[in-house]
Structure formats: C-alpha cells, structure tokens
Amino acid sequence: MASVLVFQGTVIHSIDSETLKILDNATLVVTDGRITALHKSTNDLPSDSFPPNASIHRLPPHDFLIPGFVDTHNHAPQWPMRGLGQGLHILDWLNEITFPVEARFADPAYATSIYEHTVEDFLRQGITTASYYSSRHREGTKILAEICHRKGQRAFVGKCNMDRNAPDYIQEESASVSLRETEECIQHIRGLSKNDHQEHLVKPVVTPRFAISCTPELLQGLGEIVKRDDALAIQTHFNEAQQEIDATTELFPQFAGSEADLYESYGLLNARSILAHCTIMTDYEKERIHSLDCGVAHCPIANMTVGGGFMVAPVRDFLRRGIKVGLGTDSGGGWASGMLAVMRQAMIASNAREVLSEGKDKALSFEETFYLATLGGAKVLCLEDRIGNFQVGKEFDAVWVTTTTGLQSAMTPREDGDSPRRVFEKYIMTGDDRNVAQVYVRGRKVAGTR
C-alpha cells in the first residue's frame, strides 16, 4: 500500500527567480515520496482527495512548508575548522589552516566521527541537498557518501583531486593513483543504493580542487572519465580570488588567464559543471560558461572573509545573461553551516555590487535570494526536474518551519496579525535551526526539533 502524507497549511515556494508563491491555506499530498497534488485552498476539497490511510499533518498558524535548501558548494572536511583563518589570502589560508585539517581525514575513525556531525548539522538546518568536496582520501570519501546515504541526505560526493602544489603530507602520489582512486569512489558511491527501487540520492561528482593543484595529466584523465560517463557531475573552484587567478595563469600561460578555456580544453565544462565563486569574470568567460550551460555556486560569506579582498560575484549579471546560479555555504571558507546566513550575506553582497557598478547591477530582491537557495541551486545541480519547489511530480524535499515568540529562537518574534509573508521574512532574516521543526528528503523525515 502506498505511503501518503498530507500537509495542510501555509506553503511557500519559488516558481521562478522573481515569483514567490505563498499559499496560506493549501493542501499538499505526497505519495511514496513524490508530490501528487497541491491544492491552493483546503476549503471544499473533494472527499476523495487522498486515501483514508493518509497521514495528515495540519500546520499550526504561522508555521509553513518551504522546499529544502540546496547547498551547491561545501567542503565536508572543513566543517570542524569553520571561522579559522579569516582574512588570509586564499593560498596562504590553504597552507596554514586547511591542509593540516584535511590531512586528518586519512584516519577513517576521525573521518567517521566528524562526518557524522557534519551531515547532521547541515540536515538540521534544512539543507536537504549538498554538493560536497571530500578530502583527497579514498576511504574518507567513501565514508562521507555512506553517511549521507544512511542519514538520507541528497548529496553529490567527490574525492578531491590534488597531485601537485600541496604539502607532501596531503598531496597525492601521482595522477594515475588519483585517477584510479577517483574511479573506485565513483563505483562505490553508485553501489550504495543498488537495492533501492528509486534513483540514488547520493551521486558521485568529479572534483579537481582547482587547476593549481592538478597536473595537466590529472586534468586530462578526469576529462576522459567525464567524456566516458555523461551522467557525472563536475565541481571545481573557478576565478575565486586574484591570488588564485595569478597562480593559475603562471602555471598555464597558454590560456592567457582564461580559466574557462583551461577547463574546457580538458573536457571539464558542460551543463553538469558546478563552478564555485566566479568572483572576477571577464565578459568572455561569462559568455563561455553560459554557452556551455555551466552553473555558478555563489558563496558570498567566503568571498568577503577569506581570499584577500572584498570580492563580490556579479550575480545580477549572471542572472541577466541566463547563467544558472545557486548558493553555497563553502563551509569552512564560509564560517556558516546554515543557508539562512548565506542568503543574508548574498543580499548584503548584492547591495555592495549595486554601489560598485554605479547602479547598473541592481541588488538582489528577497524573492530572488530565496530562489537561489532552492530552485536556483537545483538548476545548478541539474535536479530542477526533481526538487527545488513543490511542483506536482517532484520529490518531496522540504522544511517545516515553526516560528517563535519571545526568546525561543533568534527569530524576530511573531506577533498577532502578522501575515504569512511577514512571518516568512522574519524567519529568513533572523531565524535559526531552532525554527526547523521537521526536515524531509523524498518524503522521509531526516531531521528536526519535533
């Protein structure tokens, strides 16, 4: 017998980047993890709208459902170092802070302990989908994927590739070893759900850290893996900071500073490419990533605290050009593990961008920022046909938000007479994980305070 969940109350989701739908008396029906009906009004529903065995959940006034947040750029092994090294230039930050921490993930016991907490933390904050960089360690990568699978998070997991320009204690032995271990991780991740009847929640992603840390042989080999397998996603850092761009140009002078040409030449740019940061972009590079349908992971917290300078990605221009954009926590270059903090910083960064562009690039609206955290991120990960909003036919990845009064959370207290829009805005701008009552992935409850 089919499992049927029914939610009645306020439902909020994005239709597109400018259209936010707030249905304050909706009925949403989920059958075996998939949305089978969304009625805009609960009043006068037909008696046969859902079967008698349905589990009915009536949301209290001022509670609401939103789609699960999508984190398009996240470093799982950096979760225990969030907030460290703020203000350092990117390459110095890697050498002084990041690489010593990531090296600890050579120990499977340590990896298991940290990743258990890492995945739980992101889930409890409503991040139902995350694209994770693991460390460069094969066993640690497998452990991360296994934990995501067991805890029910929708995830992309990639073994970080880095066979040069890193300390000996973390640099990979050779390109051939890196490629072999990458393919082993891909097969292991795909095997996690071999007995499931539905498509895998956890997927592999090819993950060259960035061109600085990869020899041409390694980049070529990764491109060949992608060419043979058109289901594989790719993620890397792209035009993150001036120090990184200068180092890349010195290593690959034949591309005259164009990371778009560099990665494209190795077969690593396509519709499944997730390009983190993209803060310093020429018009040519914007045109190339648009023509190749690549997605941008905008990480405003990291871009304004680590890397060397006040870096504000041209998100308005990306959207104007039709480039796919989502948000990333970039934990731990970004100090936050919650999407609410990233959304707030994205608005602040866009205000700065408007000033710097002398008004040409208008600041992001509240509606656009929420879109980037949900449906926009789903598009970057090529999952918009499955998640991102509550369109009938999609899978039910959702957060049940409970709003609060007094000092029950950091949220601006709700008051009598608040409209659904007003309460929603209070949650987005001031809420925290205490406002997350329940978290669902494909209809399964995976986290929450209730």
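Mentor: Within helix H3, the buried residues are Gly140, Thr141, Lys142, Ile143, Leu144, Ala145, Ile147, Cys148 and Lys151. Bear in mind that this is a predicted model.

Trainee: What do the buried residues of H3 pack against?

Mentor: Two helices are on the list, H2 (108–124) and H4 (175–191). The strands are E7 (127–133), E8 (154–158), E10 (202–208) and E17 (444–447).

Trainee: How do you know whether the length of H3 agrees with its number of residues?

Mentor: Helix H3 covers residues 138–151, which is 14 residues. At 1.5 Å a residue it should span 20 Å, and its end C-alpha atoms are 20 Å apart, so the two agree.

Trainee: Which residue follows H3, and what is its phi?

Mentor: Gly152 comes after the helix, and its phi is positive, near 85°.

Trainee: Why is Thr141 called buried?

Mentor: Thr141 has a relative accessible area of 1%. Buried means under 20%, so Thr141 with its 1% qualifies.

Trainee: What does the side chain of Thr141 reach?

Mentor: Thr141 lies in helix H3, and its side chain makes a polar contact with the side chain of Ser134 at 2.9 Å. The cut-off for a polar contact is 3.5 Å, and 2.9 Å is the value for this pair. The Thr141 side chain also reaches the backbone oxygen of His137, at 2.8 Å. Leaving aside neighbours within four places in sequence, Thr141 is in contact with Ser134, Ser135, Val157, Gly158, Lys159 and Cys185.

Trainee: Lys151 is also in H3. What makes Lys151 count as buried?

Mentor: Its relative accessible area is 15%. The limit is under 20%, therefore Lys151 counts as buried at 15%.

Trainee: Which side chains make polar contacts with the side chain of Lys151?

Mentor: One is Glu116, joined to Lys151 at 3.0 Å. Glu120 is joined to Lys151 at 2.7 Å. Setting aside neighbours within four places in sequence, the contacts of Lys151 are Glu116, Val119, Glu120, Leu123, Arg444 and Val446.

Trainee: How far apart are Lys151 and Ala447, in sequence and in space?

Mentor: They are 296 residues apart in sequence, and their C-alpha atoms are 8.9 Å apart.

Trainee: Why are helices H1 and H6 described as roughly perpendicular?

Mentor: The axes of H1 (residues 90–103) and H6 (residues 242–251) come within 7 Å and cross at roughly 95°. Angles of 65 to 115 degrees count as roughly perpendicular, so H1 is roughly perpendicular to H6.

Trainee: Which residues meet there?

Mentor: Ile90, Leu91 and Asp92 of H1 meet Gln243, Glu244 and Ala247 of H6. By type, the residues of this contact are three nonpolar, one polar and two charged.

Trainee: How do you know whether Leu91 is buried or exposed?

Mentor: Its relative accessibility is 19%. With the limit at under 20%, Leu91 counts as buried because its value is 19%. Beyond four places in sequence, Leu91 is in contact with Phe210, Ile212, Gln243 and Ala247.

Key: Residues are numbered from 1 along each chain as its sequence is written. This is a predicted model: local features need pLDDT of at least 70, side-chain atom pairs count only at pLDDT 80 or more; totals for chains, interfaces and linings use all residues. Side-chain values use heavy atoms; hydrogens and water are left out. Helices (H or I, at least four residues) and strands (E, at least two) are DSSP runs, numbered from the N terminus. The expected span of a helix is 1.5 Å times one less than its number of residues. Buried means under 20% relative accessible area, exposed over 50%, partly exposed in between (1.4 Å probe, protein chains only). Contact means heavy atoms within 4.5 Å. A polar contact is a pair of N or O atoms within 3.5 Å; within protein, one must be able to donate a hydrogen and the other to accept it, and residues adjacent in sequence count only if both atoms are side-chain atoms. Axes are lines fitted to C-alpha atoms, for helices over the stretch in contact, and angles run from 0 to 180 degrees between N-to-C directions. Angles under 35 degrees count as roughly parallel, over 145 as roughly antiparallel, 65 to 115 as roughly perpendicular and the rest as oblique. Ala, Val, Leu, Ile, Met, Phe, Trp, Tyr, Cys and Pro count as nonpolar, Asp, Glu, Lys and Arg as charged, and the others, Gly among them, as polar.
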